[in-house]
Amino acid sequence: MVDRISRIDNFPPEGAALSAAIFRQYIRNGAEAVLARIASDRAEQRQSVCDLSLHILGYCLLARAEWPLGRQIILSVAPQMEQFGYREEWIHCLELCVAWARSEEDTAAQAQIFRILGQLNRLLDRYEAAEKWLLQSVAAFRLSGDARDGAVALNQLGRVHHLQYRYADALACASEALTYLDGEDVERAESHYVLGMVALNQRRWADAEEQHQLALDFRLRGEDQRTIGWAYQNLGLVCWMQSEYGKENRLLEAEKWLRQAVDMLELLSDPYHLAAAQNNLGWVYKQLGNYQEASRLFQQASTTMRRLGAQRLLAQVYNNLGLLYLQIAEPGRAEDAFRDGVAIYVNLGDHQSRLNTQHGVVLALLAQKRFGEAAELCERSLAEIDILQGVAEEYEEKRKWYTASLQKARQGAA
C-alpha cells in the first residue's frame with residue numbers, strides 16, 4: 001500500500017494537534033483530492049485513491065464529521081476497491097460506516113453499503129454473511145421504492161444463491177431483477193449472467209450459451225472493457241464445460257474467448273477476474289496438450305487467489321493442477337493438489353465441489369497402485385453421493401465416476 005498521508009495535499013502529520021474546525025477542513029481537503037482523482041484513466045493513480053479513501057474515511061469516522069463527503073467517497077470508490085482486490089480493511093471500514101449512516105438516518109446510503117458488503121463477502125466466499133447483507137439491501141431498496149438499485153442488489157443476491165446451489169432462488173432473483181430494469185439497462189447483463197450460470201451448472205448448454213451471449217451484448221453496450229472481459233471469460237467457460245461434460249469438442253472456441261479475456265484483463269488491473277480467466281484458459285491448454293503454458297497459468301492464478309483470499313477459486317486451481325499432474329504422470333503431486341482442494345471445500349462446507357475434487361484423489365491413488373485406499377475412498381464417497389441429487393446431471397456424473405473407479409480399485413487389489 002502507498003503512504004496514504006503523503007498523497008493528500010497539505011494533510012497534517014500524524015498526531016498533530018488540531019482544532020475541530022481545522023481538522024474538519026483537512027478532512028474536506030483530503031476528500032476533495034480523492035474525488036478529483038477517482039476518474040483518472042491511470043490504474044496506479046486510481047489504486048492510490050483507494051488507499052487515500054480508507055485514510056480519509058478513517059478520519060471522518062474518528063471525527064464523526066462530514067457525512068455527505070464520506071458518503072460520496074464510499075459510493076465513488078467502491079468499484080475501484082472491488083477491482084483492485086481490497087477486502088478485509090474495506091469491509092471493516094464499511095461496517096463502521098453502516099452505523100454512521102444509520103445515525104445520520106440515511107437509509108439510501110445504508111442500502112448501498114449493505115449491497116457493497118454483500119458483494120465483498122461473496123468474493124471472499126462468505127456466503128452466509130453475503131446473503132445477510134444483500135437481504136438487508138434488497139429490503140431497504142424496496143422500502144425506499146428504488147426499483148433500479150433494488151434490481152442491482154437482487155442480481156448480487158442471485159449470484160450468492162447460485163454459489164450456494166440454491167438454483168431456484170437464484171433464478172427467482174435474476175428474473176425479478178429483469179422486471180425492474182429498462183430494456184436497454186446494462187445491469188441486465190448481471191441478470192443474464194446469473195441465469196446463464198444456473199443453466200451451465202444444470203448442463204443446459206444451449207440456454208447457458210444464450211444467456212451468456214445476452215450478457216455480453218449488454219456489456220458491449222455499456223462499453224466497460226473490464227466487464228466485457230468477464231463476459232468473454234464466461235462464454236469460454238461454457239465452451240470448455242460443454243467440451244468436458246457435454247461430449248462436444250469446443251476447445252478451440254473456449255481458447256478464443258478465454259484468450260481474449262486474459263489479454264483484456266491483464267491490461268485493466270483486475271486481479272480476481274484475471275485469475276479466474278487464467279485458470280480456465282489453463283484447463284483448455286491442458287486439454288490441448290500445452291502443459292507448460294497450462295502450468296504457468298495455474299501458478300499465476302493460484303498466487304493471485306491466495307493473496308486475495310479467494311478460497312473457492314483457489315480450490316478450482318488446485319483441482320486443475322491435479323488433473324495436469326495426472327496427465328504428465330506425476331500422481332504424487334496430483335494427490336497433493338487434489339487434497340489441498342478438498343481441504344478448502346471442507347472449510348467452505350461445499351460438499352458438491354468436494355466430491356468432485358475428491359474423485360481426483362481417487363484417480364491419483366489408482367495411478368500409484370494404492371488400490372485399497374482408492375476403494376475405501378470410493379465407498380465413502382458413494383455413501384455421500386445423495387448430497388448431489390438436487391442436480392440430477394451432477395449426481396449421475398459423479399455416481400458413474402466413483403462406481404467405475406471402485407471397480408478398478410477392486411480389480412487392482414485382486
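What radius of gyration does the protein chain have, and how does this value agree with that of a compact globule of 414 residues? In the predicted model, the radius of gyration of the protein chain is 24 Å. A compact globule with 414 residues would have a value near 22 Å, so the two agree. Along the principal axes, the C-alpha atoms fill a box of roughly 85 × 45 × 35 Å.

The secondary structure of the protein chain comprises 19 helices and zero strands. Of the contacts between residues at least 6 apart in sequence, 62% join residues at least 24 apart.

Buried residues make up 57% of the 414 in the protein chain. In soluble globular proteins, nonpolar side chains tend to be buried together. The largest nonpolar core in the model contains 79 residues, and those with the most contacts inside it are Leu200, Leu216, Tyr232, Trp240, Val284, Leu321 and Val362. Helix α11, spanning residues 225–245, contributes the largest share of this core, with 10 residues. Another core, of 39 residues, lies apart from the largest one and includes Val49, Leu69, Val98 and Leu120. When neighbours within four places in sequence are left aside, Tyr232 is in contact with Leu216, Leu220, Trp257, Gln260, Ala261 and Met264.

The protein chain carries 45 positive and 55 negative side chains. The centres of these two sets of charges are 3 Å apart.

Technical notes
Residues numbered from 1 in each chain as written. Predicted model: local features only at pLDDT ≥ 70, side-chain atom pairs only at ≥ 80, totals over all residues. Heavy atoms only, no water. Core = buried A, V, L, I, M, F, W, Y, C linked by side-chain atoms within 4.5 Å. Buried < 20%, exposed > 50% of the residue type's maximum accessible area, 1.4 Å probe, protein only. Helix = DSSP H or I, 4+ residues; strand = E, 2+ residues; numbered from the N terminus. Contact = heavy atoms within 4.5 Å. Rg over C-alpha atoms; globule rule 2.2 N^0.38 Å. Lys, Arg positive; Asp, Glu negative; His and termini not counted. Charge placed at Lys NZ, Arg CZ, Asp CG, Glu CD.
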